[in-house]
Amino acid sequence: MMDRNGIEASIISISAPGLHIGDVAAARDLARYVNDEGAKATRAFPRRYGMFASLPLPDVDGSLKEMDRAFDELHADGIVVESNHNGVYLGDRRLHPVFSGLDPRKANLFIHPTSPHSPSCQGKAPGQDAASLPPIGYPFPMLEFMFETTRAVFNLILSGTLAKYPDIRIIVPHAGATIPVLADRVAGLSPALGLSEKLDVPRFYETLRGLYYDLAGFPLPRQLLPLLEIADPKRIMYGSDWPYTPEPLVTALARQLDGSPLL
């Protein structure tokens with residue numbers, strides 16, 4: 001697939017629903033397993049594969065140990081996290097020890113959405129039958145993933161997490177999800193929240209411009225334009241989302257991006 005689409009190198013990572021399904025010991029074992037497997041690929045094809053390591057979140061102690069192992073022994077290129085881990089959303093103070101470990105490393109932190117945390121969604125994997133779908137009945141990746149990403153990123157900003165740990169390089173997926181179109185609303189209302197650290201509109205947009213954004217999904221013909229209004233063009237990245245995005249769609253998007261006058 002990479003050769004057919006002119007992709008020289010790929011970063012591999014674990015997608016939704018992450019690793020922790022309720023058993024701490026099992027999640028720690030699974031983190032070691034998938035990270036070891038990823039490291040095998042990067043060693044076998046060092047010019048073609050890199051790896052974002054997975055953590056057994058929301059188990060913070062286990063995650064800190066696995067994070068050190070991933071960076072120091074497996075030479076991971078960064079860490080992948082879900083928008084929430086068993087209901088603990090990015091920006092939650094319980095995750096600060098992990099961010100405190102990532103910040104001095106100037107680490108890459110790739111966010112991937114997962115199912116929203118609600119009683120009707122628990123224990124459900126993407127693509128299951130209608131009985132496991134959210135209340136309005138459509139697949140999680142179609143709608144809910146976009147709002148999950150938006151919820152997680154705005155919480156990272158409004159909670160002060162990104163200000164506290166400014167050296168982590170955050171990668172936001174799917175062309176920023178709904179962040180560009182909701183940014184004015186969140187920026188305009190945030191001064192009324194009484195945040196412990198003042199967040200005015202210019203600083204809010206400066207923070208958004210400091211993030212990285214990939215173009216996986218359906219950025220064209222409409223989503224890319226509002227993204228370009230908030231993002232630094234130098235921090236916009238390609239993303240295939242393969243294998244969850246079938247190869248014909250990967251190829252079609254690559255051609256659209258190559259031919260877009262917006263880029």
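Trainee: Where is Pro243 found, and between which strand and which helix?

Mentor: In this predicted model, Pro243 is found in the loop that runs between strand E9 (236–237) and helix H9 (247–259).

Trainee: What is the peptide bond from Trp242 to Pro243, cis or trans?

Mentor: As a general idea, most peptide bonds are trans, and most residues other than glycine have a negative phi. Here the bond from Trp242 to Pro243 is cis, with omega near 10°. The bond from Ala16 to Pro17 is also cis, its omega being near 5°, and Pro17 is found in the loop between E1 and helix H1 (24–44).

Trainee: What is the phi of Asp241, positive or negative?

Mentor: Phi of Asp241 is near 65°, a positive value in a residue other than glycine, and Asp241 is found in the loop between E9 and H9. His174, which is not a glycine either, has a positive phi of about 55°, and its place is the loop between strand E7 (169–172) and helix H6 (179–189).

Trainee: Is His174 buried or exposed?

Mentor: The reasoning rests on a cut-off, since buried means under 20% relative accessible area and exposed means over 50%. His174 has 7% relative accessibility and therefore counts as buried. Ser10, in strand E1 (residues 10–12), is at 19% and so counts as buried as well. Leaving aside residues up to four places away in sequence, Ser10 touches Met2, Arg48, Tyr49 and Gly50.

Trainee: Why does Arg94 count as exposed?

Mentor: Arg94 is exposed because its relative accessible area is 52%, which is over the 50% cut-off. Arg94 lies in the loop between strand E5 (88–89) and helix H3 (96–102), and apart from residues up to four places away in sequence it touches Val60 and Val88. The C-alpha atoms of Arg94 and Asp59 are separated by 9.7 Å, while the two residues are 35 residues apart along the chain.

Trainee: Which residues touch the most other members of the largest nonpolar core?

Mentor: The general idea is that in soluble globular proteins nonpolar side chains tend to be buried together. In this structure the largest nonpolar core has 51 residues, of which Ile79, Leu102, Phe204, Leu208 and Leu227 touch the most other members. The largest share of this core comes from H4, with five residues. If residues up to four places away in sequence are not counted, the contacts of Ile79 include Phe52, Leu55, Met67, Phe71 and Leu102.

Trainee: Which residues make the nonpolar surface patch, and what is its area?

Mentor: Ile136, Tyr138, Met142, Leu143 and Phe147 make a nonpolar surface patch of about 510 Å². One of these residues, Met142, is found in the loop between strand E6 (108–112) and helix H4 (144–158), and Met142 counts as exposed because its relative accessibility is 53%.

Trainee: What is the mean pLDDT of the protein, and where is the pLDDT below 50?

Mentor: The mean pLDDT of the protein is 93, and 94% of its residues reach 70 or more. Over residues 126–131, however, the pLDDT is below 50, and this stretch has five contacts in the model beyond near neighbours in sequence. Where pLDDT is low, the predicted coordinates should not be read in detail.

How values were computed:
Residues numbered from 1 in each chain as written. Predicted model: local features only at pLDDT ≥ 70, side-chain atom pairs only at ≥ 80, totals over all residues. Heavy atoms only, no water. Helix = DSSP H or I, 4+ residues; strand = E, 2+ residues; numbered from the N terminus. Buried < 20%, exposed > 50% of the residue type's maximum accessible area, 1.4 Å probe, protein only. Contact = heavy atoms within 4.5 Å. Patch = residues over 30% accessible without salt bridge, like charges linked within 9 Å, V, L, I, M, F, W, Y side chains within 5 Å. Areas by Shrake-Rupley, 256 points an atom, 1.4 Å probe, with all protein chains shown as cover. Salt bridge = Lys/Arg side-chain N within 4 Å of Asp/Glu carboxyl O. pLDDT = per-residue confidence, 0-100. Core = buried A, V, L, I, M, F, W, Y, C linked by side-chain atoms within 4.5 Å.
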